[in-house]
Amino acid sequence: MKPIDSFYFDKEEPIKSCLLALKEIIINYNSELEPRWYYRLPCFMYKNQIFCYLWIDKKTQYPYIAVGKGIKIEHPDLIQGKRTFTKLLMINPNEDIPIETIYSIFDMAMVLYK
């Protein structure tokens, strides 16, 4: 199994299903987003730049989407913390995934890549 596949399938439920759903949501947002294992992370590249990546918060064990160039985006659901490049959108794996929120944030991010 490839490392990128292991990232998704080695997780316990409901994290695994949540991450797999997020992967599909991201890919369905824009056909030019290319999933790639990059810096040992499941990244989604847009024109060879990191658009976003998926990871799991160590404290909460919730998956999150790290939005590349996120520090330039103002949205109430994004968390910056000490990051200098990305902001995080935390996803509760026990609730419905906020697809409209994700796509709204992605719309703001996409402007920064054009």
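The model is a predicted one, in which local features need pLDDT of at least 70 and side-chain atom pairs count only at pLDDT 80 or more, while totals for chains, interfaces and linings use all residues. Residues are numbered from 1 along each chain as its sequence is written, and side-chain values use heavy atoms, with hydrogens and water left out.

Is Tyr46 buried or exposed? Its relative accessibility is 2%, so Tyr46 counts as buried (buried means under 20% relative accessible area, exposed over 50%, partly exposed in between, with a 1.4 Å probe and protein chains only). Leaving aside residues up to four places away in sequence, Tyr46 touches Asn30, Glu32, Leu33, Phe51, Met110, Tyr113 and Lys114, where contact means heavy atoms within 4.5 Å. Glu32 is 14 residues from Tyr46 in sequence, and their C-alpha atoms are 6.3 Å apart.

Now step back to the sheet. Five strands make an open sheet in the order β1-β2-β3-β4-β5, with antiparallel pairing; two strands pair if DSSP finds at least two bridges between them. At the edges stand β1 (34–38) and β5 (87–90), each with a single partner strand, so one side of each has no neighbour in the sheet. On average, neighbouring strands are turned by 30° against each other, direction ignored.

With β2 (residues 41–46), strand β3 pairs in the antiparallel sense over four bridges, and Cys52 of β3 is the bridge partner of Phe44. Two residues lie between β2 and β3 in their hairpin, where Lys47 in the turn has a positive phi of about 50°. With β4, strand β3 pairs in the antiparallel sense over five bridges, and Pro63 in β4 is the bridge partner of Ile56. The hairpin of β3 and β4 has six residues between the strands, and Gln61 there takes a positive phi near 65°.

What about the helices? Helix α3 lies across β2, β3, β4 and β5 and runs at about 20° to β4; angles run from 0 to 180 degrees between N-to-C directions, and axes are lines fitted to C-alpha atoms, for helices over the stretch in contact. Helix α2 (residues 15–29) and helix α3 (residues 99–112) pack at about 45°, with their axes 11 Å apart. The two are therefore oblique to each other (under 35 degrees counts as roughly parallel, over 145 as roughly antiparallel, 65 to 115 as roughly perpendicular and the rest as oblique). Their contact is made by Leu22, Ile25, Ile26, Asn28 and Tyr29 of α2 with Ile99, Ile102, Tyr103, Phe106, Asp107 and Met110 of α3.

Finally, visit a few loops. Pro14, in the loop between α1 (3–9) and α2, is joined to Glu13 by a cis peptide bond with omega of about 5°. Tyr39 sits in the loop between β1 and β2 and has a positive phi of about 55° although it is not a glycine; at 66% relative accessibility, Tyr39 counts as exposed. Lys69, in the loop between β4 and β5, has a positive phi near 60°, and at 18% relative accessibility Lys69 counts as buried.
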